[in-house]
Amino acid sequence: MLATEERSTTASRYIEFDGDLVRRKLNRDWFAVEHHLSSHPLFSLPRLVELAKTTAVQRPQFLHFDVGAKNVAQRWDETPSSQWPVDETIRRVQDAGAWIVIRRANEDPDYGRLLNHCMDELLEHADPELERKIKIREVIIFITSPNRLSTYHIDRECNFLLQISGEKMLYVFDRNDREVLPQTEIERFWSVDHNAAVYKPEFQDRAYPFLLKPGNGLHIPINCPHWLQNGNNISISLSVNFQFRESVAGNLYRANYFLRRMGITPSEPGQSSVRDALKTGIFTGIKGAIDATPDGVKDVVKRVLR
């Protein structure tokens, strides 16, 4: 029944993609999009409370919520947890100073259908090879208290961040600026530390500022550093994203991380296609062997490599 409601309350297209921009800039540079999801019933607070409660019970590993981030450079593991369960945190979101992240929302069938619709629209305009390279498609939903920071970080997802309600400023940096994002931080991110990117306030003026407001959004390529400042309002944002197969991206950075740990200074990705292919192939084989080992052995290996 909900699928019928969706069709009657939204445009036939959810996201307005410019085909030329998609072909030229997808996962290369940021670009703006417009969408028709702001009044969609899946993003009402009661429906999001229902989704959050279900996620907490059935998929707790895909739910994160905290309160009180004060510093752009603050790590996620330094931010206090909420004293309330997630549904109560959402109900108190006006005053809680909270940041609520619901990952894999698409495992709920209603959000899964929405994801497939959005991805079909993207694939209409993208390189025909894109679909073959995708490992995971995902919907992430962010619910943010007024004036709350979302701290500086990089992501492994190729992301379209769409604003559903409220306004907030998004600051995106050039992932190829090695003063902003050194190669060693990217390598640590893909290998051992999801918070490896370090905010450098002296380079804040190099960020691209973008005002997220209902009906617009921004494409953020993989590894582009960014942070967000919410306005004086409750914000709901939707991430429609995907991850590439590890052989395409992550394993090359992991290979360079391990080479550096052995005292070798590796070439950056893209400098030599032959070296890139060799390193990726070797590391993919090593990672496969590690993944096949018992968890206890894997934990020892990870501790040594840190």
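This is a predicted model: local features need pLDDT of at least 70, side-chain atom pairs count only at pLDDT 80 or more; totals for chains, interfaces and linings use all residues.
Local features need pLDDT of at least 70 and side-chain atom pairs 80 or more, while totals for chains, interfaces and linings use all residues. Residues are numbered from 1 along each chain as its sequence is written, and side-chain values use heavy atoms, without hydrogens and water.

**Cores.** A nonpolar core is a set of buried Ala, Val, Leu, Ile, Met, Phe, Trp, Tyr and Cys residues joined through side-chain atoms within 4.5 Å. Buried means under 20% relative accessible area, exposed over 50%, partly exposed in between (1.4 Å probe, protein chains only). The largest core has 67 residues; Leu-37, Phe-43, Ile-141 and Leu-238 touch the most other members. Helix α6 (residues 109-125) gives the most to this core: seven residues. Another core, of 14 residues, lies apart and includes Trp-30 and Leu-218.

**Sheet.** Strands (E, at least two residues) and helices (H or I, at least four) are DSSP runs, numbered from the N terminus. Two strands pair if DSSP finds at least two bridges between them. Eight strands form an open antiparallel sheet in the order β1-β2-β10-β7-β12-β5-β4-β3. β4 and β5 pair over four bridges. Ile-102 has Ile-141 in β5 as its bridge partner.

| Strand | Residues |
|---|---|
| β1, edge | 15-16 |
| β3, edge | 63-67 |
| β4 | 98-102 |
| β5 | 134-144 |

**Surface.** Leu-278 is found in helix α10 (residues 273-291). Leu-278 counts as exposed because its relative accessibility is 54%.
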